[in-house]
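These are notes on the structure shown below. Please read them with the sequence and the 3D view side by side.

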Amino acid sequence: MSDVPANHPRALSLELREKIEYYRQLGIVANAGPIAHGRGEAFDYLLGETTPTPVREDIYAAAALLLEAQHPVISVNGNTAVLAPKSLISLSRNIPAKLEVNVFYGRTGEREKKIADYLISQGAQEVLGINAEAKVPNLHSARMRVDKNGMALADVVLVSLEDGDRTKALIDWGKKVISIDLNPLSRTAVDATLNICDNLIRALPLLEKAVQDLRTDQQKIKQLTAEINNDYSTARVLKFLNHRLGNLATIKNEFSILDATEEHIHFIKNLTKSVIEEGCFYPQQDELNTDYILSKLNLEYTCTNILLARHILCGFIDGDIRDNQTFHLKRLAIDKMYRGFGGGKILLKKVEKLATIKGCKKIVTEVLTNCHTAQGLFLKNGYTIEGLVNCNGEKHNLIVMGKKLSGA
Ligand code: PTJ
């Protein structure tokens with residue numbers, strides 16, 4: 001009896017874990033099986049638990065390779081047998097390809113038999129790999145033993161959840177290897193002719209569908225197999241991950257802006273001090289003086305805005321209108337922890353809007369020559385370099401940057 005309530009948000013994941021553990025106790029899954037499964041789950045979280053678009057294309061290429069093969073074989077170990085028995089059987093019928101048990105741990109004959117019997121109980125008609133006598137050359141683990149009518153004859157082998165010692169040996173033996181591995185950097189995934197970076201339980205039905213779609217299209221099959229390039233496929237998956245994690249690592253929509261009030265003065269002073277310590281503001285006594293800051297807060301010709309990430313104060317911008325036409329942006333500061341998420345752009349937009357409403361035609365600012373991030377931010381937001389102020393005796397000079405206001 002499962003302890004998992006059906007409406008648990010991760011019911012499927014918990015059920016699969018229970019299944020792996022249950023069949024481990026029956027000797028079908030290896031003792032290391034739950035660890036391998038957990039590793040897969042972690043990678044699946046990073047992928048978003050869906051099949052990435054580039055991987056869908058890899059699945060079609062894999063289907064083409066299986067259809068083109070003379071002797072395709074699907075290799076089954078303890079984890080795969082238990083996770084997706086019906087999908088494995090159905091795929092093997094559809095290609096058609098042989099099913100062969102091949103395990104890494106506890107290869108006594110008894111374990112392979114248990115796996116084969118389990119697959120037969122789920123509807124398989126024939127399962128190879130029991131008492132296998134042929135050997136994969138240059139392989140020293142238990143996986144070296146293969147069926148003379150199965151893997152030994154095969155030209156294309158589909159392997160899933162592998163431990164990383166066999167794929168290269170199979171390739172060196174002249175086989176093409178398709179792997180299904182959620183870790184795009186595992187040895188199996190890297191060595192394979194083509195890795196499908198997806199969860200086995202999602203990938204197998206998609207692979208079967210691709211086999212059905214492609215079966216009669218010989219030209220497409222040829223084209224897809226000719227284009228297989230595992231390095232390119234891996235790079236695309238890594239780019240997908242990079243992009244996905246980059247998007248997740250943003251707080252863009254969490255920023256908001258407030259007009260500064262007396263209660264923000266302490267924050268402004270502290271942030272100013274830390275930017276001075278970083279060397280990106282020159283220390284000026286006024287700017288750390290409470291009365292001075294208070295006297296400049298949001299008057300007719302001045303503005304100070306506070307940036308919040310959710311409800312946390314994380315930055316500010318201030319400036320004043322100098323000659324009715326030009327807004328002088330004095331300081332823009334963002335707490336180190338919140339940089340790189342788009343808060344600077346939001347502050348700049350806010351003062352541009354304000355300056356435009358006040359009738360300014362231009363914004364100017366001065367940035368220390370050593371503050372490259374700030375210069376980059378201004379350049380990215382349409383500012384150009386207008387000149388250099390030589391700060392005699394100081395460590396760094398000032399770059400004058402400006403932007404014309406289009407709405408002016
Ligand atoms: O039954 P045996 O004796 O052959 O042993 C099978 C295991 C899986 C224990 C053995 O091959 C092993 O230890 O594998 P590894 O080294 O843990 O590698 C398994 C790989 O599969 C890892 O890269 C995992 O990220 C990946 N993986 C785990 N679960 C899934 C997965 N890939 C796709 N779908 C999954 N559900």
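1. Buried residues (under 20% relative accessible area; over 50% is exposed, and in between is partly exposed; 1.4 Å probe, protein chains only) make up 47% of the 408 residues in the protein. The model is a predicted one, in which local features need pLDDT of at least 70 and side-chain atom pairs count only at pLDDT 80 or more, while totals for chains, interfaces and linings use all residues. Residues are numbered from 1 along each chain as its sequence is written, and side-chain values use heavy atoms, with hydrogens and water left out.

2. The protein has 15 helices and 14 strands. Both are DSSP runs numbered from the N terminus: helices are H or I with at least four residues, and strands are E with at least two.

3. What is the radius of gyration of the protein, and what would a compact globule of 408 residues have? The protein has 31 Å, whereas the globule would be near 22 Å. The radius is taken over C-alpha atoms, and the globule rule is 2.2 Å times the number of residues to the power 0.38. The C-alpha trace spans about 90 × 50 × 40 Å along its principal axes.

4. The protein is divided into domain 1 (11–240) and domain 2 (255–404), with bounds that come from an automatic or database domain assignment. Between the C-alpha centres of domain 1 and domain 2 there are 57 Å.

5. Contact means heavy atoms within 4.5 Å. Of the contacts in the protein with a separation of 6 or more, 63% are between residues 24 or more positions apart.

6. The accessible surface of the protein is about 20900 Å², and 52% of that belongs to carbon and sulfur atoms. Such areas come from the Shrake-Rupley method with a 1.4 Å probe; for residues, only the protein chains shown count as cover.

7. Is Phe327 buried or exposed? Phe327 counts as buried because its relative accessible area is 2%. This residue is in strand β11 (residues 326–334). Leaving aside neighbours within four places in sequence, Phe327 is in contact with residues including Cys303, Ile321, Val351 and Ile363. Val103 is 224 residues away from Phe327 along the chain, and their C-alpha atoms are separated by 72 Å.

8. Arg10 is in the segment before α1 (11–25). Arg10 counts as partly exposed because its relative accessibility is 23%. Apart from neighbours within four places in sequence, Arg10 is in contact with Tyr45 and Glu49. Glu21 is eleven residues from Arg10 in sequence, and the two are 17 Å apart in space, C-alpha to C-alpha.

9. The next points concern the backbone. Most residues other than glycine have a negative phi, and most peptide bonds are trans. The peptide bond from Ile95 to Pro96 is cis, and its omega is near -10°. Pro96 is in the loop between α5 (85–94) and β2 (98–101).

10. Which loop holds Asn138? Asn138 is in the one between β3 (134–135) and β4 (145–146). Although Asn138 is not a glycine, its phi is positive, at about 60°. With 70% relative accessibility, Asn138 counts as exposed.

11. Leu161 is not a glycine either, and has a positive phi of about 45°. Its loop runs between β5 (156–160) and α7 (167–172). Leu161 counts as partly exposed, since its relative accessibility is 25%.
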